[in-house]
Amino acid sequence: MTDHLNKTPQRCCRSFRKSLADGDCILLGGSTGSLLYEKGIFINRSFDEVNLSQPDLVSKIHSDFISAGAQIIGTNTWGANSFKLKAFGLENKFLEINFAGAALARKAAHNQTWVAGTLGPLGVRIEPWGPTSLDEARDVFKAQAEALIKGGVDLFIMESFADLYEIQQAIRAVRELGDLPIIAMMSVNEEGQSLYGTEPEWYIRKLDEWGADVVGADGGNGPTPMLELLKKFKTSTKKPIILCPNAGQPRMVDGRLIYMASPEYMGEFARQAFLKGARLLGGSSGTSPAHIKIMAGALRQAKAFDQVEIKHHEIIDHTLVHPTTVPRVQQSNWAKKIADGEFVVCMELLPPKGLETEKIIERSEICKKHGIDAINIPDGPRASARMSSLATACIIEREVGIESILHYACRDRNLLGIQSDLLGASGLGIKNILCITGDPPKMGPYPNATAVFDIDAIGLVNMVTRLNSGYDLGGSSIGRHTSMSVGVGANPVAIDLEKEKSRFRYKVEAGAEWAITQPVFDSESLFRFLEFSSQFKIPIIAGIWPLKSIRNAEFMANEVPGVFIPNKVLERMRKCKTAEEQTQEGILIARELIEEIKSSVQGLQISAPLGMVDFALKLL
């Protein structure tokens, strides 16, 4: 071993175990081996030896995963143990290959990304299945781990083990060298068993017992089975859980294995896995930087929502509130139709990105001509910076003469600013308001923007109720009270549906008069929510989004929080060969859904993808 092997590079300054203790969700990089294969390193070569012969190629792969959002990168050493290297005549370069693998990852990380020393199976059978003893296996793992530690790894990750006895020796080997964190994963079949047939509850319990810091599974037949497996893991361990599925089932195309799970599909998996309790996520075979980039975006959104805990619901002393003197039928045309039991339809149009209001005015005029009851104006949807929804609503009502429904989000204003806006909206003649909490800034193009969230949608409804009763935040009379019709959002397919139901109850108790759902693509979920909401006796308007293309469908499924598109809908869109066929199928899917639900709801909110009002109006 050369002298430089004795030098230990600086460790990553952040504490991996502290992040685990804090409950952070951590994203790993994808498959280095798959990318080497794509770049012409074929299976008759050692992927690990590329650390020496083509280090720039390995460095580029690490950098691509880091740029995509990976917080941990694994060294290119999965097969760099002495047993596997001997098959390529490389046993004499064992130490150099492992040290170089760690050093390349360490350099790419710039002490901003954790570097995990990757250990894989030995490629031989150990006792009791084969002639290699447990002690011999442990010694081989120990020698590899020692070289990786000298190269500068922050932790270890054990990938794709089929034999529980073998991964036990790998864990023991690392523990004999020190106390670096260990991520231990078993490779699984479609049923979640290890490839040697061990049941998931048992191998997770043993990995926990043997001292791994993080336990979980990799491989398998793609993301979906991993979500079911997560439920079993959670009953067997309190340790953080990691899931790293293959990017779908591979197919042989022109002599190459192609993994069929799209980046968008992996992104949706990451979002659901995080919300259901996984704390480390990544991908095995076939997972590229494109997959990791979409997964990082999905996790950023999911974490942003998960971290928004707003406790200021009750900002109102109900003893100060007196019923408004304006009956609901006199609040607005929209409110009158709802109160009279009529079916209502509104069209959702995004505010302009700049000052050009001509298009939204033209689209609003088309809606008015076709009998749409109101124009729904979102407030900074997906944490974007657009023209004020209040200003847009006023322009539409002034120029077109059609009522607006003002979305009002709590994200950007404190209590004083909210009260000022609400009084201003009422003074400008805005009659309908949809009270929402708002998308956290981390979802949007300005993730470093500050969110306020003094109150959430429940507190906002309380606030409007107070103003409608003639009182401000301090309990002082405002003179002539406001008379806005108050709506709220609802999500029939929320991952935590019990929490959604609880919040809906609070919104109604605070004074909500009607509700608009997130875009619905699954009638059964809507009907279950309607069964729950019927006890509150407030009208439900169903959100409808006509899908324009499969790209639009996958974006909705993976990028828009609170939206669930069943696989059967996505498959219908995928079967359409041309853009025109996809458009027609999207319209057909929406029409079928409307036919199913229209007798059970009191209205529709139709979204116009990309402002395409003519396309959306085809539903009517």
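Student: Starting with E531: buried or exposed?
Tutor: E531 counts as exposed, at 64% relative accessibility. Keep in mind that this is a predicted model.

Student: Where does E531 sit?
Tutor: E531 lies in helix α19.

Student: How far apart are E531 and S600 in space?
Tutor: Their C-alpha atoms are 9.9 Å apart. Along the sequence, E531 and S600 are separated by 69 residues.

Student: New topic. How many cavities of 30 Å³ or more are there?
Tutor: There are 3 of them. The largest cavity has a volume of about 50 Å³.

Student: Which residues line the largest cavity?
Tutor: The lining is N491, P492, V493, Q518, P519, V520, F521, D522, S525, L526 and F564.

Student: Which elements give two or more residues to that lining?
Tutor: Strand β16 (514–519) and helix α19 (523–533) do.

Student: What is the lining like by class?
Tutor: The largest cavity has 7 nonpolar, 3 polar and 1 charged residues in its lining.

Student: On to the cores. Which residues touch the most other members of the largest nonpolar core?
Tutor: M158, Y203, L243 and L281 do. That core has 67 residues.

Student: What is M158 in contact with, leaving aside neighbours within four places in sequence?
Tutor: M158 is in contact with L119, I167, A170, I171, V174, I182, I183, A184 and M185.

Student: What other core lies apart from the largest one?
Tutor: There is another core of 65 residues. I372, I544, A590 and I594 are among its members.

Student: Last topic, cysteines. How many disulfides does the structure hold?
Tutor: The count is 0.

Student: How far is C367 from the nearest cysteine sulfur?
Tutor: The nearest one belongs to C346, 9.9 Å away. C367 is in no disulfide.

Student: And is C367 buried or exposed?
Tutor: C367 is buried, with a relative accessible area of 0%.

Student: Is C410 buried or exposed?
Tutor: C410 is buried, with a relative accessible area of 0%.

Definitions and conventions. Residues numbered from 1 in each chain as written. Predicted model: local features only at pLDDT ≥ 70, side-chain atom pairs only at ≥ 80, totals over all residues. Heavy atoms only, no water. 1 Å grid on protein atoms, 1.4 Å probe; cavity = no way out; pocket = protein on both sides within 12 Å on 5 of 7 lines; lining within 4 Å. Points joined across faces, edges and corners; volume = space filled by probe spheres on them. Helix = DSSP H or I, 4+ residues; strand = E, 2+ residues; numbered from the N terminus. Nonpolar A, V, L, I, M, F, W, Y, C, P; charged D, E, K, R; others polar. Core = buried A, V, L, I, M, F, W, Y, C linked by side-chain atoms within 4.5 Å. Buried < 20%, exposed > 50% of the residue type's maximum accessible area, 1.4 Å probe, protein only. Contact = heavy atoms within 4.5 Å. Disulfide = S-S within 2.5 Å.
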